[in-house]
Amino acid sequence: MPWQISGQYAETCNCDYLCPCATSGLTKTTHGYCVFAMGFHVDRGGFEGVNLDGRSFVVIGHTPGNMGEGNWKVGLLVDDGANGAQRDALTAIVSGEAGGPMANLAPLIGEFAGVESAPIRIEREGKSWSVTAGNFVDESLEGTLGLGGEQLYLDGTGHPANTKFALANAKKSHVHAFGIDWDDDSRRNNAQFAPFDWRG
């Protein structure tokens, strides 16, 4: 059966701003490996009769080399307000099992590390975003402005969340989940945000 979810997404990664992954076809990272935390809040959506309105989830990942080399480790955090059917639906979507944008990444994933529940909050104030998920994730980011004071965007990226996203700087990134540990408060790291609309 067809499914659809739409809402808002925000992410930080360990690459220095501006992340070279999107502009290099996943053949280059700042440090030769990648850690990322992608937060999603579903405004509206459903999957095979399961209502997903208001649900949030975070995709955590680590790549041991450049992203295009594969062997990614990926785990999923689902908000603790989700019931069993909603959790199963989001797992099918994020793992790529249900098709849609994440299915395009499935060949790069060497290990799906599992699913955990956490109280997830994804908040926005103007161009500032924050994503928290219990003790697993605490990240915040600020949109990058051009010389005219307008938000900068990158388009045509092929990113699974949205091919066009707003560029941002990470203010902090703390990830401790699925054996992936990363702490950075340097304010030099890459970040981005966008609306998303996934279908399968």
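Reader: Which element gives the largest share of the lining of the largest pocket?
Author: That is S2, with three residues. Strands here are DSSP runs of E with at least two residues, helices are runs of H or I with at least four, and both are numbered from the N terminus. This is a predicted model, where local features need pLDDT of at least 70, side-chain atom pairs count only at pLDDT 80 or more, and totals for chains, interfaces and linings use all residues. Residues are numbered from 1 along each chain as its sequence is written, and side-chain values use heavy atoms, with hydrogens and water left out.

Reader: Thanks! How many residues line the largest pocket, and which lie nearest its centre?
Author: The lining has 26 residues, and Cys-21, Leu-26, Met-67, His-159 and Pro-160 lie nearest the centre. The elements giving two or more residues to that lining are strands S1 (3-16), S2 (34-47), S5 (72-79) and S13 (189-199). A pocket, on a 1 Å grid over the protein atoms alone, is an open set of points where a 1.4 Å probe fits, with protein on both sides within 12 Å along at least five of seven lines; lining residues have an atom within 4 Å of a point.

Reader: And what is the volume of the largest pocket?
Author: About 380 Å³, counted as the space filled by probe spheres set on the grid points, which are joined across faces, edges and corners.

Reader: Switching topic: is Asp-79 buried or exposed?
Author: Asp-79 is buried, with a relative accessible area of 6%; buried means under 20%, exposed over 50% and partly exposed in between, with a 1.4 Å probe and protein chains only. Asp-79 lies in strand S5.

Reader: Which side chain does Asp-79 have a polar contact with?
Author: The side chain of Arg-55, at 3.0 Å. A polar contact is a pair of N or O atoms within 3.5 Å; within protein, one must be able to donate a hydrogen and the other to accept it, and residues adjacent in sequence count only if both atoms are side-chain atoms. A polar atom of the Asp-79 side chain also lies 2.9 Å from the backbone nitrogen of Gly-81.
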